[in-house]
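Me: Could we go through this structure together? I would like to start with the pocket and then turn to side-chain contacts.

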Amino acid sequence: MSPRQAPAPFRQRLRGALKWLHLWLGLSAGAVFAAVALSGTVLAFQRELMLWAYPQLAGHALPSPAQRAQALDRIVCHWRAQGMSSLDLPSAQLPVWQAYFPHNERRYFDPASGELLLTRNTGNDLLLWLRDLHTHLLAGKNGEQVLGVAGLTALFLLLSGLYLWWPRWSAWRASLRWYRGPPTRRWFSWHRGLGLWLLPLTLLAALTGTAMVYDEIARNALRAAFAEGKPAKPPTLAASEAPIDWAGVLRAADAAVAPGGAMAGARLRRIGLPKAGSGLVSIRARAPGEWHPVGRSQVWVDPYRGAVLGTLDATRQGRGSRLYEAIYPLHGGFVGGRAWQTLSAIVGLAPPFLLITGFLFWRRRRGR
C-alpha cells in the first residue's frame, strides 16, 4: 500500500467515530445546550423586558448629589444587615438603585428617597429564573460545572459538525443547498445549512460562555499568551467601628472620575460594600472605551476618611486582560448596539433548531 493510501482507513474510522459522537452527544447534551441558548435569546433583551414588566422602575429623574448621598445612606443602613452586597447607582438606562442580595434576589429603590420600590427573585420573576437557568442551571455551583461540560460538548459538536460537513471542491454547491423533501434529505440539509451559516456566531457564543464558567483558566491563559504580569491587587483596609460617611465616599469617587482625576471620564456604576473584616469600599466604573456595561475599572475608597486609596483603569491593562474583559460583553450582546443585541438573540435560536432538525433526521433515517 502506498503512503498516500495508508491514512484512508484511519480517516474513515475517525469520520465514523465523529458521526456517532456527534449524533448521540447532540441528542443528549445538546438538549442542555439548546435550553441554555434559548434562555439567552430572551436575556438578550432583559433590561427592556424588565422595564416593560415593571413600569414603576422607569421615568424617574436622576438624583442630585445630595439626594444620592442621602438615599445611599438610608439604603445601606437598613438593608446591609439583610445581606446586601452591592448596588448599582441610578443611570439613564436604569434610573433607580438596584441592590444585590443572596440567592439571586434583587431590590430596587427610589433614586432620590431610597424607598423600596420592588423585590425580584427567581421565585417571582421569570427573567431572573431564566438568568439562573442560563448561568447555573438552577443548581448553584454544581449546575455551573455541568454547564461548563455542556459548553465544551457544544464546542465539540460545532467543530465536529464542520469537519463532517466539509465537502470536496466539486460538491460545494450541493452541500449548501436546502431541500424541501424527501423528509430525510430536508431535515439533514436544514440542520447542515443553518449550522453552517450561523457557525461563527454560535461558536463565539459557546466559546465565550464556556470561558466565563472557567474564568480563572481563561484569564490566566490570556495573560500568559501575552506575557503579562500579575494584576494589581486592591489595597487593604481593616474594618473599623467608626461610622461610614457615604456622602464622603461619593464625593471622593466623583473627584476620581472628574476632569483631572485619576479616572477622568469614567462613570461610576456599582458600589461594593465592605466585606467581612475589611473596611474597603470598591466602586466599579466604566471608563471610556470599555465594552462591559458595568465596567471593570475600579475606584477603591476609604469610607472612614472619604479618601481614594487607589484606582484601576481597565483600558490600560495588558492585551490579554483586555481580551478577557471583552468576553462577557460579546456573549451578552452589550457591544455593537441594537444590531449585535439582535444577532445575539438570533444565535440563541440556533441550538434548539439544530437539536430538533437533528432529531427529526435521525428518527426518519432510523425508521427507514
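This is a predicted model: local features need pLDDT of at least 70, side-chain atom pairs count only at pLDDT 80 or more; totals for chains, interfaces and linings use all residues.

The chat below takes up a pocket, salt bridges, strands and aromatic pairs in turn.

Me: What volume does the second largest pocket have?

Reply: Its volume is about 1,100 Å³. A pocket is an open set of points on a 1 Å grid over the protein atoms alone where a 1.4 Å probe fits, with protein on both sides within 12 Å along at least five of seven lines. The volume is the space filled by probe spheres set on the points, which are joined across faces, edges and corners.

Me: Which residues lie nearest the centre of that pocket?

Reply: H22, G161, L164, F188 and H191 do, out of 38 lining residues; a lining residue has an atom within 4 Å of a point. Helix α1 gives the most to this lining, with nine residues. Helices (H or I, at least four residues) and strands (E, at least two) are DSSP runs, numbered from the N terminus.

Me: How many salt bridges are there?

Reply: The count comes to 12, a salt bridge being a side-chain nitrogen of Lys or Arg within 4 Å of a carboxyl oxygen of Asp or Glu. One of them joins E48 and R338 at 3.1 Å, N to O. E48 lies in helix α2 (residues 46-53) and R338 in helix α13 (residues 337-347), so this bridge ties together parts that are 290 residues apart in sequence. R47 is linked with E48 and R338 in a network of salt bridges.

Me: And R270 with D88: are those two buried or exposed?

Reply: Both R270 and D88 are buried, meaning under 20% relative accessible area, with exposed over 50% and partly exposed in between (1.4 Å probe, protein chains only). Their side chains meet in a salt bridge of 2.5 Å, N to O. R270 is in strand β5 (residues 267-272) and D88 in strand β1 (residues 86-88), 182 residues apart.

Me: Staying with β5, which strands does it pair with?

Reply: β5 pairs in the antiparallel sense with β1 over three bridges and with β6 (residues 281-286) over five bridges; pairing requires that DSSP finds at least two bridges between two strands. I271 in β5 stands opposite L87 and also opposite I283 in β6. Five of the six residues of β5 are buried.

Me: Changing topic, how many aromatic pairs does a search find?

Reply: A search of the whole structure finds nine. Rings of Phe, Tyr and Trp (its six-membered ring) pair if their centres lie within 6.5 Å; planes under 30 degrees apart count as stacked, over 60 as edge-to-face and the rest as tilted. The rings of W24 and W362 have centres 5.7 Å apart and planes at 75°, so they are edge-to-face. W24 in α1 and W362 in α14 are 338 residues apart. Ring pairs link W24, F359 and W362 into a cluster.

Me: Where do F188 and F361 lie, and how accessible is F188?

Reply: F188 is in helix α7 and F361 in helix α14, 173 residues apart. F188 is partly exposed, with a relative accessible area of 37%, whereas F361 is buried at 17%.

Methods. Residues are numbered from 1 along each chain as its sequence is written. Side-chain values use heavy atoms; hydrogens and water are left out.
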